[in-house]
Structures are given as structure tokens and as C-alpha cells.
Amino acid sequence: QPIIEIKNLSKVFPGEGVTTSALEQVNLSINQGDYLSIQGPSGGGKSTLLSIIGLLDKPSSGDYTISGVEVSQLSQAQIAKVRNKEIGFIFQDFNLIGDMTVWQNVELPLIYRGVKKAERHPLVQQVLEKVNMLEHARHLPTQLSGGQQQRVAVARAIVGSPSLLLADEPTGNLDSKNGDSVMQLLAELNRDGVTICMVTHDSRYANFAKRVVQLVDGQLAESSDQSHLASVT
Ligand code: ADP
Ligand code: ADP
């Protein structure tokens with residue numbers, strides 16, 4: 001059963017005089033264990049699609065089901081709940097909270113979800129170990145390199161075991177060395193079973209994904225399915 005199923009999904013942004021058609025009749029399934037990379041030129045609709053998949057925005061028409069639930073049937077409060085449970089996000093600019101330590105940043109989504117303190121502690125510890133940042137647990141984001149900050153952001157995104165990790169240009173603010181280390185980490189997480197959907201216009205990193213789709217002028221085309229290959233790292 002797919003985690004994400006999108007059928008004939010369109011998104012228009014109404015404007016004064018002009019309406020922008022950002023997505024046109026998009027069809028896409030993301031299965032458990034997938035590592036999907038969405039590529040394409042600026043303005044092609046990548047961010048719009050990721051926002052819809054991540055339940056931050058709504059489609060204008062079409063079907064979207066996540067873990068078997070049709071999103072259009074849900075109230076705003078239910079959508080927020082599904083988002084918290086099912087989705088982890090990482091962004092180009094890390095979005096860590098500046099006056100909280102690494103540990104506190106990673107712990108925060110568990111607090112929001114009402115996980116008790118005694119249960120939070122081992123989860124935070126485990127995930128910080130996984131991203132190799134436990135020794136920096138008491139540091140503030142400003143004391144870390146960009147690559148380290150992104151690894152903390154990855155830890156925060158996966159600490160609640162979401163069904164899907166969404167990554168929006170995760171290497172966009174990193175030099176190639178730090179970018180490579182973050183991409184290695186994502187590949188390793190995928191091998192551990194984390195399902196990933198990434199947006200990037202950096203074609204260097206296409207080979208890290210199992211599947212690559214191209215989004216051009218709001219239209220999606222599968223350009224390669226490499227899921228039969230072993231992960232490249
Ligand atoms: P990409 O991420 O591939 O660069 P976007 O999803 O950001 O593409 O944009 C797709 C199209 O939708 C573009 O024409 C963009 O101008 C338009 N668009 C995106 N967000 C909005 C918005 N909030 N209001 C109006 N138009 C938007
Ligand atoms: P206290 O009982 O004083 O709250 P905690 O174990 O919660 O003790 O630690 C206090 C703060 O130290 C936490 O809010 C967290 O930021 C940080 N912290 C907790 N455990 C660790 C750890 N194993 N490594 C690094 N920092 C930690």
C-alpha cells in the first residue's frame with residue numbers, strides 16, 4: 001500500500017487578472033521505502049507539490065490520500081494531526097530554533113506530541129547518535145557548521161518516526177562537502193527504511209534517489225526508476 005497517492009491533482013493560484021496553474025493533472029504514488037527525487041527548473045511547481053504532500057497547502061482539485069486517508073475529507077485540525085504524525089520536514093535553511101540547544105530542538109516535536117519525558121530521552125539520544133550529533137547535544141545551532149545544523153534538522157524530522165521525510169532543497173545552503181555528508185545520511189536512513197521525498201535542482205544528487213521525477217510547467221514525468229539498483233553511496 002502506497003503512503004502517498006495523488007491522482008489528477010491540480011493547483012491554481014488565483015491572481016488579479018492572471019491565474020497561475022502551478023500543477024496540472026499530476027499523478028504520483030510514493031511507496032513505503034521509496035526515495036524519490038523531484039527535479040526540474042525553477043517555477044516548475046516543485047515547492048507547490050511538496051507543500052501539498054506535506055499538508056501545508058491544499059490542492060485545487062484531484063485526489064490526495066496519505067496512509068489511506070483522503071485529505072479532502074479532513075478538518076483543519078485533523079490535517080494538523082496527520083501532518084504531525086506522518087510527515088517530517090527538512091528545509092534548505094535548517095529552521096532550527098536559535099535559542100534552544102541541539103537536544104531541545106530535537107526533543108520539541110516529541111513534546112508537541114505529548115510524549116512523556118522518560119520516553120523522550122532515549123528517542124532523542126538514539127536519533128542524535130544516528131546523525132552523529134550526540135556530542136553536540138548541548139550546543140546552540142550558531143555553534144555548528146551548516147552541515148551539522150542540517151543533520152540536527154534531520155534528527156528533529158525523524159525523531160517521531162514519521163511515515164515520510166520531506167526534504168526541500170536540503171543541500172541548497174551547503175558547500176559540496178557538507179552537502180555530500182547530508183546526502184550520505186539521507187541514503188543511509190533510506191536503507192534503514194525511512195521513506196524520502198526530496199526536491200532538488202541539483203542534478204549531482206539525482207543518483208542518491210531510487211526514483212527521479214521531473215516537474216516542468218506543472219506537469220510531472222517519471223524520468224528514471226532506479227529502484228532495482230542498490231543505493232549509490
Ligand atoms: P518551483 O518550486 O519548481 O520553483 P513553485 O512551486 O515555487 O515552483 O512555483 C510554481 C508556479 O506557481 C510558479 O509560476 C509560481 O510563480 C507560482 N506560485 C507558487 N506559489 C504561489 C503563490 N503562493 N501565489 C501565486 N503563485 C504562486
Ligand atoms: P533535568 O532533570 O535537569 O531536566 P535533563 O536530563 O532533562 O535534566 O537535562 C536538562 C537539559 O540538558 C535538557 O533540557 C536537554 O537540553 C539537555 N540534555 C538532556 N539529556 C542530555 C544528554 N544526554 N546529552 C546532552 N544534553 C542533554
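Start by selecting β4 (residues 61–66) and β5, two strands that pair in the antiparallel sense over two bridges. Strands here are DSSP runs of E with at least two residues, helices are runs of H or I with at least four residues, and both are numbered from the N terminus. Two strands count as paired if DSSP finds at least two bridges between them.

Before going on, note that this is a predicted model, in which local features need pLDDT of at least 70, side-chain atom pairs count only at pLDDT 80 or more, and totals for chains, interfaces and linings use all residues. Residues are numbered from 1 along each chain as its sequence is written, chains are lettered from A and ligands numbered from 1 in the order in which they are written, and side-chain values use heavy atoms, with hydrogens and water left out.

**The sheet**

Now show the whole open sheet: four strands in the order β2-β1-β4-β5, with antiparallel pairing. Its edge strands are β2 and β5 (69–70), each of which pairs on one side only.

**Salt bridges**

Side chains of opposite charge can pair when their charged atoms come close. A salt bridge is counted when a side-chain nitrogen of Lys or Arg lies within 4 Å of a carboxyl oxygen of Asp or Glu. How many salt bridges does a search of the whole structure find? The search finds six.

Select D34 and R211, whose side chains meet in one of them, at 2.9 Å from N to O. This pair links distant parts of the chain: D34 sits in the loop between β2 (19–31) and β3 (35–39), R211 is in strand β9 (residues 211–216), and they are 177 residues apart. Both D34 and R211 are buried. Buried means under 20% relative accessible area, exposed means over 50%, and partly exposed is in between, using a 1.4 Å probe and protein chains only.

Move to K85 and E86, where the side chains meet in a salt bridge of 3.3 Å, N to O. E86 counts as buried because its relative accessibility is 8%.

Then select E107 and R120, a salt bridge in which the closest N and O atoms are 3.0 Å apart. E107 belongs to helix α3 (residues 102–112) and R120 to helix α4 (residues 117–130), 13 residues apart, and the pair links distant parts of the chain. Is E107 buried or exposed? With a relative accessible area of 12%, E107 is buried. R120, at 13% relative accessibility, also counts as buried. Finish this stop with K130, E188 and D192, which salt bridges with shared partners join into one network.

**Pockets**

Rolling a probe the size of a water molecule over the atoms shows where empty space is left. A pocket is an open set of points on a 1 Å grid over the protein atoms alone, where a 1.4 Å probe fits, with protein on both sides within 12 Å along at least five of seven lines; lining residues have an atom within 4 Å of a point.

Select N84, I87, F89, P109 and R156, which lie nearest the centre of the largest pocket among its 19 lining residues. The volume of this pocket is about 500 Å³. α3 supplies the largest share of the lining, four residues.

The second largest pocket has a volume of about 300 Å³. Of its 15 lining residues, V127, I158, S161, P162 and V194 are the closest to its centre. Here α4 gives the most to the lining, with four residues.

**Aromatic pairs**

Two aromatic pairs are found in the whole structure. Rings of Phe, Tyr and Trp (its six-membered ring) pair if their centres lie within 6.5 Å; planes under 30 degrees apart count as stacked, over 60 as edge-to-face, and the rest as tilted.

Select F89 again, with F91: the pair is stacked, 5.7 Å centre to centre, with 10° between the planes. F89 is buried at a relative accessible area of 18%, while F91 is partly exposed at 25%.

The last stop is Y205 and F208, whose ring centres are 5.7 Å apart and whose planes stand at 65°, so this pair is edge-to-face. Both Y205 and F208 are buried.

Definitions and conventions. Grid points are joined across faces, edges and corners, and a volume is the space filled by probe spheres set on the points.
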